[in-house]
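I opened my notebook to look a few things up in this structure.

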Amino acid sequence: MDSLRLHSCGPALLPFRVPRAVPRPRTSITVTNAVKEIFMPALSSTMTEGKIVSWLKSPGDKISKGESVVVVESDKADMDVESFNDGILGSIVTEEGGTANVGEAIAFIAETEAELEEAKAKAGSNGAAPAPAPAAQAAVPAEAPQAAAAPAPAPAATATAPPPPAPSAPAPAAPPAAAPVKRSDGRVIATPYAKKLAQQLKVDLASLAGSGPAGRITASDVEAASNGAAGGNGAAPAAAPAASQVQQAAKPAGSAQPPQRAPPAPTAAPGSVPEGAPTTVSELKGRTEPFTSMQAAIAKNMIQSLKVPEFRVSYTITTGKLDALSKKLKPKGVTMTALLAKAAGTALAKHEVVNAACTPDGQGITYNDHINVAVAVSMPDGGLITPVLKDAHSTDIYQLSRSWSDLVKRSRVKQLKPDEYNSGTFTISNLGMFGADTFDAILQPGTGAILAVGGSKPTVTADDQGRICVLKQMTCNLTCDHRIMSGVAAAEFMQTFKAIIEDPDQLTF
Amino acid sequence: MLNAQRTQLGQLSAQSAWCTLPHQTCPRKTQQSRPQAWRSSLGLIQPRWQQAQCVLLTKASRPAAHRRELRLQTAAHSYDYDLIIIGCGVGGHGAALHAVECGLKVAVLEGHDVGGTCVNRGCVPSKALLAASGRVRDMKNAMHLKSLGIKVAGNVEFDRQSIADHANQLASSIKGNLARSLEALGVDMLVGAAKLAGPHSVKYGLPGRVDVGGEITGQDIMIATGSVPFVPPGIPIDGKTVFTSDHALKMDWLPKWIAIIGSGYIGLEFSDVYTALGSEVTFVEAMPDLMPGFDKEIARMAQRLLINPRSIDWHTNVFATKVIPGEPGVKPVIIELTDAKTKQVVDSLEVDACLVATGRAPYTQGLGLSAIGAAPDRRGFVPVNDYMQVLDEKNKVVPHVYCIGDANGKFMLAHAASAQGISAVENMCGRPHVLDHLSVPAAAFTHPEVSFVGHTEEAAREAAQKGGFADKLAVTKTSFKANSKALAEKEGEGLAKMMYRKDTGEILGVHIIGLHAADLIHEASNAMSTKQTVQDLKFSVHTHPTLSEVLDELIKTSHVDPPAQKRPEPKVLDPKLKDLQPLPA
């Protein structure tokens, strides 16, 4: 079977960009990037998600570059996937049998033993189970970049997802009538299916009393405990992975906080769902469907953005010359998106701070080596993705246009490599084609600014000489992270951007 | 009887000549000298050999007459039979059929059930259980059915007793068929447990019965007594909560949780049955990995398909050193687990039942091997050479006594026994034959099935290393996901792999896990037994779309180094095409 080496690991892909060569020596933060991710590779042109067949290595095992680490099942075959790095397998995010979208982190590799703990922490398990349930886990580190922060009208709610499959029970033993009794000798005797279920539902078997013969824990005991319906006996209600567990009875808010690694919750979380309590689908009115993984990732990023103090600067820009240029170059395959990205890139080259990002810990600024302009694209299924035009300032407009059409084509069929949608340093969201006058974009985590481009339309205005005239104009609204830049920095960038758009000939060089 | 002994004495002088030949000269290596050698050694038994020839010649035209003639000639030799077969399992049956085909007068002795283990307590009834439980599994697999557009309303229910009855009825009907097939050919079926009385003489009888039994003589004797389940020491079988496959096949009850000691074929098949019917299973395996003996990659896939998704857990590297039977519904079975290396008790299980599937032991006790100067080995197997001739304690051939099947332990499978029986009959008739055990296929009838023939990848690498062709060993693989028919069935889970030599195209082994793997293996095993190469098979056509294309894919994806020889002239089959110009080279 083919062995593929498709992981793209490394700093460029880390969702929260970590500083590399920090240009300002006074910044004393050092965040290591020694913990690498293993991403779910795209093994075929049609593959959107992959199932982990088996891990050939266990956490703690040494891995050398080129060594097979995991067997992944695609829609076509099972393939051994090799590591791109030397190191130690720190933790596994997606367990055997689990599914992850292409580009999601499925494990973390630590470069040295010292970083092992960090790798484990990255997997988000707070010391409990070394392998947390995939559904809850995958979103933590990996999906962040996939969801664009752009507020394009993502009809997220209309995306359809199949209802989660109920855990298929191979006919567990009928619930015995006997009241559960804990064994006097303290041993935990659980049936194979009960053990499996306990691992899936994160139920601590030691805390359960078994209702089977001689205090044996059966599958139904585990299910009962997981449903919070376990009577007395101090059975710990277990946190079920929200996506896979349709709960019968909602736990009252605030009761028995499950040991989950919930992100520090912002106080005004939308929907005001009590943290930790899984959404009870049956509680809600109308048609409720659980998030797809992409929707979940978007939601997560949006909440993340609430931690960022944002401000906005808006400019009205005349587009007459840009329209003319666009019309002229259209036969040569140049698109408006490429022109805007090139303009933004050119402006960014002059305003380093707008291309920078605040470090995840909020203690420093990362100045990016590359100017990678991400442009939000809505997916046919309502999702959002931000293909990246790399080095937009230094790539010529024709090449940029070709790259763009290729990226868009592949993004619609979900064939982008992680590096092609999560390496953006600045984002553009364009709703001009929908006729939006002006709108407000939400910052994508890991970037410092996002530009919302409105529609260009003939407007009655006054020209330089004060004469009333009709010019084609659009409103561009820049959302910025105030931790790293001031209003002046943003305004200066917008001035440059405006100047380029209004005199766009330089874009063709 | 006197006659028999005299003949025996008469033959002793020639014994060395007879016995040294077959196992010291490999027929394949000494192609030229062989006929001469055989002829001279056959001097003693030539009358019968000639008789077999003449019978074969006249058989087609006068079948009844030939049998009469045969009996007359046999009587002249003073033996009751040409061949006495002890044991009527699949091996004895296959041997008897072939012996009749070769014109021999045959008696078969059976002390228990005609059909032996396979038909009564093995492969056959277990297939009935697997068929029924497999359906239950299919019908309960709502996700799979849904993907085919099928919905089963309500619960899938089954009646344990009816499934058990199906297995029993199947066994008795096959048993009847087997007995009738031999009777119809004129084979004498004698009831009784046999005891060797001498090189040409067998006593038989049933304990406590004076009306059954006697003594018969034969030119050749074939031991085909088979095997019984092997139970390690420390495990008391009560037949109720602690049992072997013999009892499990009766399926008197369905334990909710059963420990299976041993994860070979038998254990694996039973786990398939039990989990399909809702029981939970714990494997206890002494080896470091489950399914020892399987190709590693196949075992990995089997683990993924047959173990992980099911209600099965396991303990490896442990022996079940002590088992205390329980009482169904009252007291659990307690199984003490001892680490295979440290010999420390590491754990104990409390389960509802315990199936001991730790392999099989030869059934050779009371056979009286000492009467012919032979003795079973430490484990009870009857030592034989490649020609299935029994060896005595000094490793010398015991003339006219053969042993086939589980009793010799060479390859403990029903069809292997049958093949050995046929091979032994060939040798008796003066046509030296050695069964190539590497071309004997094997299968586990799980869902999906697992099958193989020849070397595992690991064994092939070892053989290649030893044989000095390590750089010529190649492995090709294909997934059932690439097969249209498998996809149509939504059964794309599966893998087939083939080990072969890049230089000669020789097939060294084929392993399959996937839908109908047990049926698919025969293209490979037949190719191996007839020494067909990968190049030969490349031109075979497979119906599309069928699962057989899985093998086709293996063959097509194999790459044999181009031969040095010139391209052969194309054969023109159609005379009308003769005038056509040959294709440019």
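**Around a glycine of chain B**

I began with the neighbours of B:Gly262: leaving out residues up to four places away in sequence, it touches B:Gly267, B:Phe283, B:Val284, B:Glu285 and B:Ala357, where contact means heavy atoms within 4.5 Å.

Before going on, I noted that this is a predicted model, in which local features need pLDDT of at least 70 and side-chain atom pairs count only at pLDDT 80 or more, while totals for chains, interfaces and linings use all residues. Residues are numbered from 1 along each chain as its sequence is written, chains are lettered from A and ligands numbered from 1 in the order in which they are written, and side-chain values use heavy atoms, with hydrogens and water left out.

I placed B:Gly262 in the loop between β9 (257-261) and α12 (265-276) of chain B; helices (H or I, at least four residues) and strands (E, at least two) are DSSP runs, numbered from the N terminus. B:Gly262 is buried, at 9% relative accessibility. The cut-offs for relative accessible area are under 20% for buried and over 50% for exposed, with partly exposed in between (1.4 Å probe, protein chains only).

**The UniProt record**

I checked the unreviewed UniProt entry, and its "binding site" feature includes B:Gly262, B:Glu285 and B:Gly359. Positions there follow the numbering used here, feature names are shortened, and annotations may be inferred rather than shown by experiment.

Is B:Gly359 buried or partly exposed? I found it partly exposed, at 29% relative accessibility. B:Gly359 sits in the loop between β15 (353-356) and β16 (360-362) of chain B. Beyond its neighbours within four places in sequence, B:Gly359 contacts B:Pro229 and B:Phe230.

**A buried strand**

Next I turned to β18 (residues 397-403) of chain B: 7 of its 7 residues are buried, so the strand is largely enclosed by the rest of the structure. Which strands pair with it? Pairing needs at least two bridges found by DSSP. Strand β6 (residues 209-223) of chain B runs parallel to β18(B), with 3 bridges, and B:Ile221 stands opposite B:Val401. Strand β17 (residues 389-391) of chain B is antiparallel to β18(B), with 2 bridges; there B:Leu391 has B:Val397 as its bridge partner. β17(B) and β18(B) make a hairpin with 5 residues between them, and B:Asn395 in the turn has a positive phi of about 70 degrees.

**Cysteines**

B:Cys118 is buried at 14%, whereas B:Cys123 is partly exposed at 32%.
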